[in-house]
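Hi,

Here's the structure I promised to pass on.

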Amino acid sequence: MLIAGFPAGPWGTNCYVVATAPGAECVVVDPGKDAAPGIAEIVREQRLKPVSVLLTHGHLDHMWSVAPVAGTYDATAWIHPGDRHLLTDPLAGMSSDSTAMVGSMLGGDYRWAEPDDVRELGDGQALELAGVSFVVDHTPGHTEGSVTFRAPYPDVAEVSEVLFAGDLLFAGSIGRTDLPGGDHATMLRTLAAKVLPLADDVVVLPGHGEQTSIGRERATNPYLLDLQDQDPQRPGADPVTRGL
């Protein structure tokens, strides 16, 4: 499998291009601001054809370029229905500081529009795109419609899957929950239900920062450590917090 990633725009959002091999169709994950030139360079160098754009969630730093990228390559955009409204009203999911920042970038009136072909994602959905099998997990907490995408990684025996985590899980941290649509209790439930059961060898490709693994985060991430300490199956777990 070919996975090329790069940070794009003022928020340093990781954009990924995924294909089975050079010269094949490909999938773009999270094309944020200023991502289009980087995507075009990878597509040209690897002789790829984008057919789908996957969005882990609707925040502007992850989907700023979705309409132009999808339009350029006649690709289908995929997003969870909980965040679809952000495609046309992205400021609804932002803080006041970020809204002001975006306003200064645009320098005036700007209208957002959906790509021509938008399809909705569901929890547990299996997608076959560009020859790659993805499993969709609905992972709310950062936003209502946040999702992750898991794909098998047959190239390395020590890696069973790669996880395109968006802003759910980072190296040493998790996504913020103080923006519109975010909820900390929901985030903790998502981490317990959707992250902790994953195998240690799963490679995590986050929306920001360096890649990591489930095993590394299970052993070092303070949020996951706290959830494991509260697991009712573990001796000494605090009964007050068992619902997490």
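Let's start with the aromatic rings: Tyr 16, Phe 134, Phe 149 and Phe 164 are joined into a cluster by ring pairs. Bear in mind that this is a predicted model. It has five aromatic pairs in total.

One of them is Tyr 16 with Phe 164, an edge-to-face pair with 5.5 Å from centre to centre and 70° between the planes. This pair ties together distant parts of the chain, since Tyr 16 sits in strand 2 (residues 13-19) and Phe 164 in strand 10 (residues 161-166), 148 residues apart. Tyr 16 is buried, at 8% relative accessible area, and Phe 164 is buried too, at 0%.

Then there's Trp 64 and Trp 112. Their ring centres are 5.3 Å apart and their planes stand at 90°, so this pair is edge-to-face. Both partners are in loops: Trp 64 between helix 2 (60-63) and helix 3 (66-73), Trp 112 between helix 4 (96-106) and strand 6 (118-120), 48 residues apart. Trp 64 counts as buried because its relative accessible area, 14%, is under 20%. Trp 112 is buried as well, at 17%. Lys 33 also lies over the face of Trp 64, 5.2 Å from the ring centre.

Now for the helices. The axes of helix 5 (residues 184-195) and helix 7 (residues 222-229) come within 11 Å and cross at roughly 75°, which means helix 5 is roughly perpendicular to helix 7. Helix 5 brings His 184, Leu 188, Leu 191, Ala 192 and Val 195 to the contact, and helix 7 brings Tyr 223, Leu 224 and Leu 227. Of these contact residues, seven are nonpolar, one is polar and none is charged.

Cheers

Definitions and conventions
Residues are numbered from 1 along each chain as its sequence is written. This is a predicted model: local features need pLDDT of at least 70, side-chain atom pairs count only at pLDDT 80 or more; totals for chains, interfaces and linings use all residues. Side-chain values use heavy atoms; hydrogens and water are left out. Axes are lines fitted to C-alpha atoms, for helices over the stretch in contact, and angles run from 0 to 180 degrees between N-to-C directions. Helices (H or I, at least four residues) and strands (E, at least two) are DSSP runs, numbered from the N terminus. Angles under 35 degrees count as roughly parallel, over 145 as roughly antiparallel, 65 to 115 as roughly perpendicular and the rest as oblique. Contact means heavy atoms within 4.5 Å. Ala, Val, Leu, Ile, Met, Phe, Trp, Tyr, Cys and Pro count as nonpolar, Asp, Glu, Lys and Arg as charged, and the others, Gly among them, as polar. Rings of Phe, Tyr and Trp (its six-membered ring) pair if their centres lie within 6.5 Å; planes under 30 degrees apart count as stacked, over 60 as edge-to-face and the rest as tilted. Buried means under 20% relative accessible area, exposed over 50%, partly exposed in between (1.4 Å probe, protein chains only). A charge sits over a ring if NZ of Lys or CZ of Arg is within 6 Å of the ring centre and within 35 degrees of the ring normal.
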